[in-house]
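Please open the model in your viewer and keep the sequence panel beside it. The tour below goes from one selection to the next.

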Amino acid sequence: DKADSASIKFTVPEPMIAVSNGTLEQVVDLGTTRRFEWMERHPIAIYLISIAAHDYVEQSRVVATNAGPLPLVNWSYASDVGAALANLDLTEQMMLDFEQMFGPYPFMDEKYGQAQFNWGGGMEHQPATSICCWGIEFLIAHELGHQWFGDQVTCDSFTEIWVNEGFATYSEALWQEASNGAEAYRNEMRAARYFGPGTIRVPESDLGNTSRIFNSGLSYNKASWVVHMLRWVLGDTDFFEFLKAYLNDPALTYGTARTEDVQRVAEQVSGKDLQAFFDQWIDTEYYPTYSLLWGKSAQPGGWDLSVELLQLQSHHVYSMPVPVRVTTSNGTVDFVIDSNEPVEQVVFQLAEEPIAVQLDPDDWILHAEEAAIAAPTFDRGILLVNGVDIDVYGSEIRNVLSDSICTCL
């Protein structure tokens with residue numbers, strides 16, 4: 001449940017400044033102390049209510065957003081005034097970029113504030129982020145992204161924490177794309193790859209374990225890859241329309257959401273059935289392991305490219321559009337293989353001779369790749385074992401190997 005509003009009043013010794021949610025209604029002079037009275041009039045998750053008090057230096061400006069003027073305020077330690085001032089420039093540009101991607105900042109009638117505190121990170125207190133330090137771009141982008149994803153729309157329980165942290169982590173990559181281009185975006189996502197165990201949705205049995213809820217690999221990094229892959233599946237036009245539709249959905253805005261709500265809005269915008277996508281990435285562990293074989297044959301007026309795409313993992317067969325880039329004698333050509341079986345065989349027609357074939361060249365899918373063993377000579381006995389638990393089937397495999405020159409399992 002969210003509170004529909006919050007009144008926060010607290011008294012501090014002069015000259016301390018007390019920062020909290022919403023707008024500052026008044027400061028009451030009590031002689032040697034002052035009472036700061038803040039009022040949050042938007043619905044707010046209880047864990048986002050915050051108080052921060054210090055001998056702050058306050059620096060502010062008004063940002064001219066498309067939705068109107070927005071106060072942007074930093075409260076910093078006196079020793080960090082210069083860095084905090086530079087942070088205002090950075091935050092202003094992020095605010096304008098995120099407004100284009102997500103829609104209007106959700107607390108336009110209040111502020112966006114950042115209050116320095118003694119902790120190694122940040123916390124997205126609405127709308128006054130607590131932040132450890134200035135100038136760390138990914139941290140600023142993450143906490144600002146949370147104002148939309150986590151504050152405007154909040155996970156309805158901590159089993160669904162990914163709808164907060166996955167989108168906020170993905171905001172870091174979107175900022176890199178806006179400020180430094182597509183390759184910086186891809187590098188940010190590459191750095192966030194997670195190949196470990198566990199489901200993104202937190203099991204009810206783990207809700208007493210804070211480390212599991214806020215697992216960096218699952219709730220943050222892999223969850224950001226879900227958003228990244230959803231962009232690939234939807235395409236840019238539908239994806240950015242989806243972001244705005246999700247945040248402004250009447251059932252969700254300034255309220256709470258579950259995985260099923262993310263899926264519902266994405267399906268409404270795109271017209272696609274995304275059940276398999278969310279089942280395999282939210283509630284299934286691990287990732288696909290692909291292997292790609294290809295061959296070519298000259299044809300009248302061009303070339304046939306035969307591609308065989310294999311999924312080698314044993315735990316689940318993934319349903320994904322898999323991008324393939326073909327290098328020809330005249331440049332590159334991109335194709336997509338709709339992969340939902342362990343083996344997919346496709347023939348593409350090309351005008352020029354194919355020279356090389358690359359799987360997922362822009363890293364749209366969280367996956368591993370194994371090089372195919374092409375045309376073995378069988379001069380020596382070999383054993384190919386794909387997706388088999390050696391601890392379970394080890395004796396059978398060894399017996400087969402001793403009885404056969406080559407066995408493929």
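Which residue of strand 12 is the bridge partner of G122? Select G122 together with strand 12, and you will find that the partner is I131. This is a predicted model, with a mean pLDDT of 93 for the protein and 91% of its residues at 70 or more.

Next, select strand 11 and strand 12 (residues 128–131), which run antiparallel and are joined by two bridges.

Return to G122, which, with H142, E143, E165 and Y220, lies nearest the centre of the largest pocket, among the 20 residues that line it. This pocket holds about 430 Å³ of space. Strand 11, helix 2 (137–148), helix 3 (162–180) and helix 6 (216–234) each give two or more residues to the lining, and helix 2 provides the largest share, five residues. Coloured by class, the lining shows nine nonpolar, seven polar and four charged residues.

Finally, select residues 375–380, where pLDDT stays under 50 and the model has two contacts beyond four places in sequence. Residues 404–409 are also below 50, but this stretch has 13 contacts beyond near neighbours in sequence. Where pLDDT is low, predicted coordinates should not be read in detail.

Note on methods:
Residues are numbered from 1 along each chain as its sequence is written. This is a predicted model: local features need pLDDT of at least 70, side-chain atom pairs count only at pLDDT 80 or more; totals for chains, interfaces and linings use all residues. Side-chain values use heavy atoms; hydrogens and water are left out. pLDDT is the predictor's confidence in each residue, from 0 to 100. Contact means heavy atoms within 4.5 Å. Two strands pair if DSSP finds at least two bridges between them. Helices (H or I, at least four residues) and strands (E, at least two) are DSSP runs, numbered from the N terminus. On a 1 Å grid over the protein atoms alone, a cavity is a set of points where a 1.4 Å probe fits but cannot get out, and a pocket is an open set with protein on both sides within 12 Å along at least five of seven lines; lining residues have an atom within 4 Å of a point. Grid points are joined across faces, edges and corners, and a volume is the space filled by probe spheres set on the points. Ala, Val, Leu, Ile, Met, Phe, Trp, Tyr, Cys and Pro count as nonpolar, Asp, Glu, Lys and Arg as charged, and the others, Gly among them, as polar.
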